[in-house]
Amino acid sequence: IHTKMSVFGTCSLQTALDIIRSAYDDEILKNPARFFVDAHPLAVTFFVMCLLSLVCLVLSEITGHLSYVDKLWSILPPLYAVYFLYSDYRDSLNGKLNDRIVLMTALPLLWGTRLTWNFARKGGYSLHEEDYRWPVLRQSMPRIALSLLDLFFISTFQHLLLFLIILPIHFAYQARSFSPQLNALDYVAAALFLILLLGETIADQQQWNFQNEKYRRINAKQSLTGDYKRGFLTGGLFGISRHPNFFCEISIWWAYYIFSLASLQSLSHLQVNDRDAGFLYGGMINWAMVGCFFLLLLFQGSTWFTELITTRKYPEYKVYQKNVSRLIPWFPSSTPSKRD
């Protein structure tokens, strides 16, 4: 019982807050130069998140550009994970890395590499390139309201979210001496992560192929038929979900959450009052879920706004909305005609 209480206490939210508080009260003030080398990875990544949030806020207010966080979206979670992996190596006595932490670093690196490449090929890293939704929002809001949105959401909440979704690796780091070996839940989490990553890759590629072909036909002044005439893709994965890439992106991080359960799973045979340690049902529900939950809420709002813009641009999209599931893949109620 003492062992399980120890690992649950080690991974508790209160312990995490104490780690961050003590690092700022002691380490960063006494020896700032050593903070990034020696401090707990949770404290370091939290500090980086706060710093980058401030930088993005200042830059966006100076330049009026709102896509700075978009450019960092696929980069920061893998970097945070890499720092946890570095800390595991730094703290190990024999230089041996923890298998779970290695796996939990490799998967975000794979996710981030693919998403960064996809973002780059669309010109997302151009200095003046901005997500198409921001100009629409800018036109519909007073300047002061947009600045408040930037202060509380665009440059701050989104950075916090990118920090929160990677926090299951904090569980693995804290529990590395209690449950160093991979277990069944690790393999389940990794398999789900990879399957969903494949689904997101296929969806993005289908959309990329469609958009390129659509504009090729428009520029060549060719006759447009089917989806090309409608203006949006209804085939492939988009025939069973209007936003299969969104669904996969949300689900990827729920799969990653399972690693927090795997970090505690080897001690599940011991019985203790988990609620007192901040966990429910043997750790199946824990505070690492917060990032997944906020990501789900973010995509609910993002999907609504995206479809609001799309329905204004493409009248037939309302028919598509009636026939095809919004996020969760499901059988369509009818198939759009491939004729004109």
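Modeller: Before we start, a helix here is a DSSP run of H or I with at least four residues, numbered from the N terminus. The model is a predicted one.

Biologist: What makes the phi of K221 worth a look?

Modeller: It is positive, about 60 degrees, although K221 is not a glycine. Most residues other than glycine have a negative phi.

Biologist: What makes N183 a cap of α12?

Modeller: A side-chain oxygen of N183 lies 3.0 Å from the backbone nitrogen of L185, at the N-terminal end of the helix. The cut-off for a polar contact is 3.5 Å, so that pair falls within it.

Biologist: Now T45. Why is T45 called buried?

Modeller: Buried means under 20% relative accessible area. T45 is at 2%, so buried is the word for it. You'll find T45 in helix α4 (residues 41–63).

Biologist: Which residues does T45 touch, leaving out those up to four places away in sequence?

Modeller: Y80, Y83, F84 and F163. There is also a polar atom of the T45 side chain 2.7 Å from the backbone oxygen of P41.

Biologist: What makes a set of residues a nonpolar core?

Modeller: They are buried residues from a nonpolar list, including Leu, Trp and Tyr, joined through side-chain atoms within 4.5 Å. The largest such core has 55 residues, and L42, W73, W111, I169, F193, W253 and Y256 have the most contacts inside it. Its largest share, 12 residues, comes from helix α14 (residues 244–265). A second, separate core of nine residues includes F210, F238, Y320 and V324.

Biologist: Which residues does Y256 touch, beyond four places in sequence?

Modeller: M104, P108, I165, I166, P168, I169 and F193.

Biologist: Last one: which residues is F157 in contact with, leaving aside neighbours within four places?

Modeller: F152 and F294. F157 lies in helix α10 (residues 157–164), and its C-alpha is 9.9 Å from that of L298, 141 residues apart along the chain.

Methods: Residues are numbered from 1 along each chain as its sequence is written. This is a predicted model: local features need pLDDT of at least 70, side-chain atom pairs count only at pLDDT 80 or more; totals for chains, interfaces and linings use all residues. Side-chain values use heavy atoms; hydrogens and water are left out. Helices (H or I, at least four residues) and strands (E, at least two) are DSSP runs, numbered from the N terminus. Buried means under 20% relative accessible area, exposed over 50%, partly exposed in between (1.4 Å probe, protein chains only). A polar contact is a pair of N or O atoms within 3.5 Å; within protein, one must be able to donate a hydrogen and the other to accept it, and residues adjacent in sequence count only if both atoms are side-chain atoms. Contact means heavy atoms within 4.5 Å.
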